[in-house]
Amino acid sequence: EIITSDWSSDVCSSDLVIVNKTFEPERAISATLIKVDDAYQSVAQLFTLVNNLKPRKTGISAKADIAQSASIGKDIFVGAFVSIGENCKIGNNVTIHPNTQIGDNVSVGDGSIIYSNVSIYSDCVVGKNNIIHSGAVIGADGFGFAPDEEGHYHKIPQIGNVVLGDDVEIGANTTIDRATMGATHIGDGVKIDNLVQVAHNVEVGEYTAIATQLPRSEERRVGKECRS
C-alpha cells in the first residue's frame, strides 16, 4: 500500500508511505518512508508507469467505416462502428474506441486517445496526445441566432471550427462549440473536467484547468495557467 500524506495519520498498516520531505511524524511509524519533493507528483508518475504496462490494442475493426480519402497512420486502433469521414488525417499511435463519429476534414494528432461515443464535427483539429472521454462533442454549432422584427430567430451558420492543442484532456460529456468564424481554441496542456460547456469563439490559454459544470459563454478568453 502506498499513501501520500503531509501529516501524521494512522498509516501503520502500510508498508510504504510516500511523503513530502517536510513531513515529520508525531510518533513512531513502522512503515518505510519515501521522502520526495512532491508526493502527489511522485504518485502521479508512479501510476503512469503502472498504467503504461497495460497492453494497448491495435488494428482496425472490420465494422469501422473509414472513407477512402482518409489518411490513416501507423499502429492505430479503430473500434467497431467508428465512422471516419472524407479527407481526415489520423496520426500514428491513435486509439479510437467504438461508436465514435469523426466528420470530414478532421485531423487527429499522434498518440491521441478518443473514447467511445465521441462526436468530432467536420473541419476540427485535435492535437497530439489528446485524451477525449466518452460522450464529448467537439465542434457542434455555437448558439447563434438573429431575431427579426417579428421576434423570429434565424440561424447564423457557424462556419468556424475547434482547434485543440497538444496534451489536452477533455472530460466525459463536455461540449466545445465551433466558432461562428475563425476557431474556438483550446491551448496546449489544457485540462477540462466532465460536463463543461465551452461556447463558440472562446479561447482557453495554455495549461488551464477548468472544473466540472462551469460554463464558458461565447467570445471569452481564459488566460494561461488559469484554475477555475
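Tutor: A residue is called buried under 20% relative accessible area, exposed over 50%, and partly exposed in between. The model before us is predicted.

Student: Is aspartate 141 buried, exposed or partly exposed?

Tutor: The relative accessible area of aspartate 141 is 34%.

Student: With which residue does aspartate 141 form a salt bridge?

Tutor: Aspartate 141 lies in the loop between β17 and β18 (145-147), and its partner is in strand β19 (residues 153-155), 14 residues apart. The closest N and O atoms are 2.8 Å apart, and the residue is lysine 155.

Student: How many residues apart are arginine 178 and aspartate 123?

Tutor: The side chains of arginine 178 and aspartate 123 meet in a salt bridge at 4.0 Å, N to O. Arginine 178 is in the loop between β22 and β23 (183-186), whereas aspartate 123 is in the loop between β14 and β15 (125-126); this pair links distant parts of the chain, 55 residues apart.

Student: Which of these classes, buried or exposed, applies to arginine 178?

Tutor: Aspartate 123 is partly exposed, at 35% relative accessible area. The value for arginine 178 is 6%. Because the limit for the buried class is under 20%, arginine 178 is buried.

Student: What is the distance between the closest N and O atoms of lysine 35 and glutamate 24?

Tutor: Lysine 35 is in strand β3 (residues 32-36), and glutamate 24 is in the loop between β2 (16-20) and β3. Lysine 35 is partly exposed at 36%, and glutamate 24 is exposed at 56%. Their salt bridge has its closest N and O atoms at a distance of 3.9 Å.

Student: What is the order of the strands in the open sheet of eight strands?

Tutor: The edge strands are β4 and β27 (209-210), each of which pairs on one side only. Within the sheet, strand β10 (residues 95-96) and strand β13 (residues 113-114) pair in the parallel sense over two bridges. The order is β4-β7-β10-β13-β16-β21-β24-β27.

Student: Which residue of β22 is the bridge partner of valine 137?

Tutor: Strand β17 (residues 137-140) runs parallel to strand β14 (residues 119-120), to which two bridges join it. On that side, valine 137 is the bridge partner of serine 119. Three bridges join β17 to strand β22 (residues 175-177), where the partner of valine 137 is threonine 175.

Student: How many residues make up the largest nonpolar core?

Tutor: In soluble globular proteins, nonpolar side chains tend to be buried together. Isoleucine 132 is among the residues with the most contacts inside this core. Leaving aside neighbours within four places in sequence, isoleucine 132 is in contact with residues including Ile113, Val118, Leu164 and Ile170. The core has 35 residues.

Student: What is the geometry of the aromatic pair of phenylalanine 143 and phenylalanine 145?

Tutor: Phenylalanine 143 is exposed at 67%, and phenylalanine 145 is partly exposed at 35%. Their ring centres are 5.0 Å apart, with 70° between the planes. Because planes over 60 degrees apart fall in that class, the pair is edge-to-face.

Conventions:
Residues numbered from 1 in each chain as written. Predicted model: local features only at pLDDT ≥ 70, side-chain atom pairs only at ≥ 80, totals over all residues. Heavy atoms only, no water. Core = buried A, V, L, I, M, F, W, Y, C linked by side-chain atoms within 4.5 Å. Buried < 20%, exposed > 50% of the residue type's maximum accessible area, 1.4 Å probe, protein only. Contact = heavy atoms within 4.5 Å. Phe/Tyr/Trp six-rings, centres within 6.5 Å; stacked < 30°, edge-to-face > 60°. Pairing = 2+ DSSP bridges. Helix = DSSP H or I, 4+ residues; strand = E, 2+ residues; numbered from the N terminus.
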